[in-house]
Amino acid sequence: MSDTLVEIQNLSKHFTVETNFFGKPTSVLKAVEDVSFTIQKGEAFGLVGESGCGKTTLGKMLVNLYRPSSGKILYDETDLTALNEKERRKYCKDIQLIFQDPYASLNPRMTVGDIIAEPIRINHLLPEGKVEDRVIELLNCVGLAQHQRNRFPYEFSGGQRQRVGIARALAANPKLIVCDEPVSALDVSIQAQVLNLLDDLKDEFGLTYLFIAHGLNVVKHISDRVGVMYLGKMMEIAPKKELYSNALHPYTKALLSAIPLIDPTKKKERIILQGEVPSPINPPSGCRFCTRCSRVMDICHQVTPELKEIMPGHYTACHLYDEQNTSGQQ
Amino acid sequence: MLLEVNHLKTDFKLKKGIVHAVNDVSFGIEKGEILAIVGESGSGKSVTSLSVMGLLQEPGKVVDGEILYKGEDLLKKSEKELQKIRGDQISMIFQEPMTSLNPVYRIKDQIIESIMTHMKLSRKEALARTVEMLKTVGIPSPGQRANDYPHQMSGGMRQRVMIAMALACNPELLIADEPTTALDVTIQAQILELLYSLRERFNMAVLLITHDLGVVAEAADRVIVMYCGQIMEEADVKSLFSNPMHPYTLGLLNSIPRIEDESGERLYMIKGMVPNPLHMPQGCPFSDRCDRCMERCTLEMPELKEVGGHKVRCFLYNQEAGKEADDR
Amino acid sequence: MNQVKEAKKPLQAERNADKPESQVKAMWEALKTNKAAIAGMYLILILTVVAVVVWASELMGMRILPYDPNDSDLSQSFVAPNSQHWFGTDQLGRDIFSRVLDGTKISLFVGIAAVAISMTIGVVFGSIAGYRGGKTDTIIMRFMDMMLAIPSILLAIAFMAALGKGIDKAIIAIGLVSIPEYARIIRGSILSAKENDYVQAARVIGNNDYSIIFKHILPNVVSSIVVRATLGVSSAILDTAALGFLGLGVQPPYAEWGDMLGRARGFIFSAPYTLVFPGVAITITVLAFNLFGDGLRDALDPKSRLR
């Protein structure tokens, strides 16, 4: 048995923005373009990037909210993209999602108890008589009191709602949880509570996380490996320590440097990226980052760099590290 | 002192009771200074800024205190006088740059309109100033982009437009309410850099409202930490970060995941959550979450006192109570 | 795990402060403060009681009304309002007070039945169009647009022409005519509700389309349906009156407000009371449903309730 839980192969998702009169697409948004990586059992894989980089689209493909345009998602060696809708739904309970916005992700007309019980009932995980006990157990797991199960979401604060969202995800006994920016909508003092809770639950239930975030600081705390995306492409993948101490891709370096330091005495040398993220409808040719990169070369405008293993476990997609260039650059 | 707020109290009268959203808050801003008010949701930081601008909406109302701008009390001014000051001498930028721009007008028309209401300029001159301001805030090819509609711009660009609009009439005070919260990290870095350079260039004072201590550390000169409508601590930015005194400030600083932290250990947590404003704990509002809560904290409200260059609202730094704390 | 448990205690303590509040109760609280809506509600209640009492007494063969509403007495025609005939009598000498009260049951019944028809069909088509999207949506909604393009009373008359006269046909005609309104409202609500995170969450945990629509989307758009239905009753009552006025609705001798108006229109100057009282009855009923519907819309909005 392999240690790989999910293997993503050349996954792409294109959205049709406009069609002509005959229904042929004339303008296509390439949200995710040819992305491959693996998630090991029991690890937390951090996925980082700015808005529009495709990280959320990628997460939503894993939980069956979007169908991939091409590529494969191998879950425990089963290709999920090859299944029909009904068979695909059977895998829903294995891969769960925690949403970014705790205010929008809970049905306002259901009690918290019903919200948490729903995955159990739909997937017939337990006989009806045992559902309530399980709900109480889950509430306790996420730090809520059992009497709160009869309340409606609007009676809860943001942090508590996010705990409900976590309990709902846990209810299905998932193997993998996709956490889509689970703390970015929360207050600072509550963020730490939720991050620690996620950390604890991972150990307690042997979970695997795909942890999506826009900032590198949150991901650093919880992840074992980190992938950096930009405009639908994977730019760099590395173990956490390696990435933070020895980032290779110029985009990763800029992202790291953009994080404000919690120390006003240390004004660091900042790489301020020029310009904006280009539109994913009309991405630049060659390397997607070439319009903003400080170390751009001629080749970057023409050839899309491949994601290559530069050091063991450390992958990057950048022409700076092409074999013919390495001697000149380093 | 450019702006001086004394004992400001703002209440929200709700059906279920009265919420003291801002409770006896006093502070001042000097010319050219960046003062940050940092706090979580419900801390009253945004209500403070809205009170200063006179933009509070029902059911919110300033019930006490004074807001002195260049020595004149803004609370005593009529709506018409306030409109003259707003946008001309005091400007504001908001968190959500999409909803603060009118989607049916070109951005140049929106900026020209605000220039022409406050400055005696012809339309042509106002247009020239618009393009100049867009250039100042770093919008490439400003002449062309001025003809864009808001939806044609990205979030970062729209925030720049908002800043350009706010700066168009040379305000002396800019109130920036979470100006970078809706933006990506690389864009946030750009906008903070911009705010900083504009301050240098125009010697403009900035009241920066934020929940992000990282932004505070990057941009501010002085910091006010608010919690449940009250100032908990006020200090110079360097001193606040190197020597936080109030347990709440300390807790906030410790609970942020830090990029430079190598240990990978559990994050520090402030237990519990912000109390319901209708059911405030007795005594210090932070007492039910504080690690160093003493009996006295649950009974009476500590005063905001000057201790070692900081202003702190905590019994730990009260002389009698200080002994008690040392004895432990 | 230790710290998590520590955090639990204050959470409990904090929450014990407020008692759980049921949604219906909260809605009622919001509705209670709206005086106009409460007035409308009482009016509807009174009208319903009148209709039920009149109907029940008719079934049991009792006479509660001062006169038989359908009994003509030509010697008593055009009596001005007096102590015997509170609202006067019409051209056939029938007591207008009794006829107005008797008409309540028909108007309410027609209004509610017609709304039930249009709501059921409209919700089904609107849900399918909104949730499925694409070609299904285009076909259903273009058909609805076609129906909307024809003035509703004309369409109802056309239906009546095809179906024949009579109260049952009037109900069907009025019901069919307003289907597009419900379909459009539901489609719009579903289109926006579909994008909500909690609907996506429902998919993630393995719901199929059917349970997503019925469990997660419809309960959240029910407020717009209820409001529309309440307001719809009033427009259905107006439509019934219009058909009655044109002589297409209820057939004589049964009392129906619109029919009464229609038959009395020749005497508007000589005996205005023959028109005024049925007219006032229509106005009050329509107003009652409109006031109540508006109040409900405000009360059902969870955001307005938090205030």
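Colleague: Which strand of chain A is Val32(A) found in?
Modeller: Strand β2 of chain A, residues 25-40. Keep in mind that this is a predicted model.

Colleague: Is Val32(A) buried or exposed?
Modeller: Buried. There are 29 other C-beta atoms within 10 Å of Val32(A).

Colleague: Why does that count as buried?
Modeller: Because the cut-off is 20 or more other C-beta atoms within 10 Å, and Val32(A) has 29.

Colleague: What is Val32(A) in contact with, leaving aside its neighbours within four places in sequence?
Modeller: Leu11(A), Ser12(A) and Lys13(A) are among them. So are Gly54(A), Thr57(A) and Leu58(A), and Gly232(A) is on the list too.

Colleague: And how many Å separate the C-alpha atoms of Val32(A) and Cys53(A)?
Modeller: 7.7 Å. Along the chain, the two are 21 residues apart.

Colleague: Switching to chain B. What domains is it divided into?
Modeller: Domain 1 takes 3-89 + 170-267, and domain 2 takes 102-168. Their C-alpha centres lie 26 Å apart.

Colleague: How many residues are in contact between those two domains?
Modeller: 12 residues of domain 1 of chain B and 10 residues of domain 2 of chain B. On the domain 1 side, the largest share comes from α7(B), with five residues. That side divides into nine nonpolar, two polar and one charged.

Colleague: Now the contact of chain B with chain A. How many residues does each chain give?
Modeller: Chain B gives 37 residues and chain A gives 35.

Colleague: Which helices of chain B each supply at least two residues there?
Modeller: α6 (155-167), α7 (185-202), α8 (213-219), α9 (237-242) and α10 (247-254). The largest share is from α7(B), six residues.

Colleague: How does the side of chain B that touches chain A divide into nonpolar, polar and charged?
Modeller: 18 nonpolar, 11 polar and eight charged.

Colleague: Last topic, chain C. Where does UniProt place "transmembrane region"?
Modeller: The UniProt entry, which is unreviewed, has it at residues 36-56, 106-131, 143-164, 225-250 and 270-293 of chain C.

Colleague: What are residues 36-56 of chain C in the model, helix or strand?
Modeller: 100% helix and 0% strand. The end C-alpha atoms of that span lie 30 Å apart.

Colleague: And what about residues 225-250 of chain C?
Modeller: That stretch is 81% helix and 0% strand. Its end C-alpha atoms are 28 Å apart.

Conventions. Residues are numbered from 1 along each chain as its sequence is written. Chains are lettered from A and ligands numbered from 1 in the order in which they are written. This is a predicted model: local features need pLDDT of at least 70, side-chain atom pairs count only at pLDDT 80 or more; totals for chains, interfaces and linings use all residues. Two residues are in contact if their C-beta atoms, placed from the backbone, lie within 7 Å. Helices (H or I, at least four residues) and strands (E, at least two) are DSSP runs, numbered from the N terminus. Ala, Val, Leu, Ile, Met, Phe, Trp, Tyr, Cys and Pro count as nonpolar, Asp, Glu, Lys and Arg as charged, and the others, Gly among them, as polar. UniProt positions are given in the numbering used here, feature names are shortened, and annotations may be inferred rather than shown by experiment. A residue is buried if 20 or more other C-beta atoms lie within 10 Å of its own, exposed if 12 or fewer, and partly exposed in between; C-beta atoms are placed from the backbone. Domain bounds come from an automatic or database domain assignment.
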